[in-house]
Amino acid sequence: MPLLMIVLLFAVMYFMMIRPQQKRRREAEQMQAAIGAGDEVVTIGGLYGTVTGVDDETVMLEVAPGVQTRYARPAIARVVKTAERIESVPEEADAKE
(Lines give C-alpha, C1' and ligand atoms only; values in the text may rest on other atoms or scores of the structure.)
Protein backbone atom coordinates (compact mmCIF):
# COMPACT_ATOMS: atom_id res chain seq x y z
CA MET A 1 0.00 0.00 0.00
CA PRO A 2 2.72 2.59 0.80
CA LEU A 3 4.41 1.87 -2.54
CA LEU A 4 1.16 2.63 -4.35
CA MET A 5 0.85 5.95 -2.50
CA ILE A 6 4.38 6.95 -3.54
CA VAL A 7 3.67 6.09 -7.18
CA LEU A 8 0.43 8.09 -7.08
CA LEU A 9 2.26 11.04 -5.52
CA PHE A 10 4.84 11.05 -8.33
CA ALA A 11 2.09 10.77 -10.95
CA VAL A 12 0.25 13.76 -9.47
CA MET A 13 3.47 15.76 -9.30
CA TYR A 14 4.19 14.98 -12.95
CA PHE A 15 0.77 16.14 -14.18
CA MET A 16 0.55 19.16 -11.86
CA MET A 17 4.11 20.51 -12.05
CA ILE A 18 6.45 18.99 -14.60
CA ARG A 19 4.17 18.76 -17.63
CA PRO A 20 2.88 22.39 -17.49
CA GLN A 21 6.47 23.63 -17.08
CA GLN A 22 7.53 21.73 -20.21
CA LYS A 23 4.62 23.26 -22.12
CA ARG A 24 5.60 26.80 -21.04
CA ARG A 25 9.22 26.15 -22.04
CA ARG A 26 8.17 24.92 -25.50
CA GLU A 27 5.94 27.98 -26.01
CA ALA A 28 8.79 30.32 -24.99
CA GLU A 29 11.18 28.61 -27.41
CA GLN A 30 8.66 28.93 -30.25
CA MET A 31 8.12 32.63 -29.46
CA GLN A 32 11.86 33.28 -29.40
CA ALA A 33 12.36 31.42 -32.68
CA ALA A 34 9.64 33.50 -34.37
CA ILE A 35 11.15 36.89 -33.44
CA GLY A 36 11.90 39.05 -36.46
CA ALA A 37 13.02 42.57 -37.31
CA GLY A 38 10.48 45.23 -36.37
CA ASP A 39 8.92 43.29 -33.47
CA GLU A 40 8.54 45.17 -30.21
CA VAL A 41 9.71 43.00 -27.30
CA VAL A 42 10.29 43.05 -23.55
CA THR A 43 13.40 41.47 -22.03
CA ILE A 44 13.41 39.48 -18.80
CA GLY A 45 14.86 42.61 -17.15
CA GLY A 46 11.86 44.70 -18.23
CA LEU A 47 13.59 46.62 -21.03
CA TYR A 48 11.35 47.49 -23.99
CA GLY A 49 12.90 47.62 -27.43
CA THR A 50 12.41 47.08 -31.15
CA VAL A 51 14.20 44.20 -32.85
CA THR A 52 16.58 45.45 -35.54
CA GLY A 53 18.49 42.26 -36.22
CA VAL A 54 18.35 38.58 -35.42
CA ASP A 55 21.19 36.06 -35.29
CA ASP A 56 21.25 32.37 -34.32
CA GLU A 57 21.88 33.13 -30.64
CA THR A 58 21.46 36.89 -30.29
CA VAL A 59 18.93 39.64 -30.94
CA MET A 60 19.78 43.29 -31.60
CA LEU A 61 17.35 45.71 -29.95
CA GLU A 62 16.96 49.42 -30.50
CA VAL A 63 16.12 50.74 -27.04
CA ALA A 64 16.27 54.44 -27.95
CA PRO A 65 16.73 56.27 -31.25
CA GLY A 66 20.22 55.33 -32.43
CA VAL A 67 20.99 53.12 -29.40
CA GLN A 68 21.26 49.40 -30.13
CA THR A 69 22.03 46.65 -27.66
CA ARG A 70 22.63 42.95 -28.13
CA TYR A 71 20.79 40.31 -26.08
CA ALA A 72 20.74 36.53 -26.01
CA ARG A 73 17.52 35.07 -27.45
CA PRO A 74 16.45 33.51 -24.12
CA ALA A 75 16.54 37.01 -22.57
CA ILE A 76 13.41 37.96 -24.55
CA ALA A 77 10.45 37.48 -22.22
CA ARG A 78 7.59 38.35 -24.57
CA VAL A 79 6.64 40.03 -27.82
CA VAL A 80 4.55 43.17 -27.27
CA LYS A 81 3.72 43.87 -30.91
CA THR A 82 4.58 41.83 -33.97
CA ALA A 83 5.81 43.66 -37.05
CA GLU A 84 3.70 43.34 -40.16
CA ARG A 85 5.64 41.16 -42.54
CA ILE A 86 4.79 41.11 -46.21
CA GLU A 87 4.32 37.55 -47.37
CA SER A 88 5.29 36.79 -50.95
CA VAL A 89 2.15 35.70 -52.76
CA PRO A 90 2.62 33.45 -55.77
CA GLU A 91 1.57 35.24 -58.93
CA GLU A 92 0.31 32.14 -60.68
CA ALA A 93 -3.22 33.59 -60.78
CA ASP A 94 -1.96 36.48 -62.92
CA ALA A 95 -0.13 34.12 -65.29
CA LYS A 96 -3.24 32.05 -65.97
CA GLU A 97 -5.31 35.01 -67.13
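Predicted model: local features only at pLDDT ≥ 70, side-chain atom pairs only at ≥ 80, totals over all residues.
## Salt bridges

Two salt bridges are found when the whole structure is searched. In one of them, Lys81 pairs with Glu40, and their closest N and O atoms are 3.6 Å apart. Lys81 lies in strand E5 (residues 76-81) and Glu40 in strand E1, so this pair ties together parts that are 41 residues apart in sequence. Glu40 counts as partly exposed, at 30% relative accessibility.

Glu29 forms a salt bridge with Arg25, with 3.9 Å between the closest N and O atoms. These two residues, Glu29 and Arg25, are four residues apart in helix H1, so about one helical turn separates them. Glu29 is partly exposed at 45% relative accessibility, and Arg25 is likewise partly exposed at 47%.

## A nonpolar patch and an aromatic pair

A nonpolar surface patch of about 1000 Å² is made by Ile6, Leu9, Phe10, Val12, Met13, Tyr14, Phe15, Met16, Met17 and Ile18. Ile6, which lies in helix H1 (residues 2-33), is partly exposed with a relative accessible area of 44%.

The count of aromatic pairs comes to one. Tyr14 and Phe15 form this pair in an edge-to-face arrangement, with 5.1 Å from centre to centre and 85° between the planes. Tyr14 itself is partly exposed, its relative accessible area being 34%.

How values were computed:
Residues numbered from 1 in each chain as written. Heavy atoms only, no water. Patch = residues over 30% accessible without salt bridge, like charges linked within 9 Å, V, L, I, M, F, W, Y side chains within 5 Å. Areas by Shrake-Rupley, 256 points an atom, 1.4 Å probe, with all protein chains shown as cover. Salt bridge = Lys/Arg side-chain N within 4 Å of Asp/Glu carboxyl O. Buried < 20%, exposed > 50% of the residue type's maximum accessible area, 1.4 Å probe, protein only. Phe/Tyr/Trp six-rings, centres within 6.5 Å; stacked < 30°, edge-to-face > 60°.
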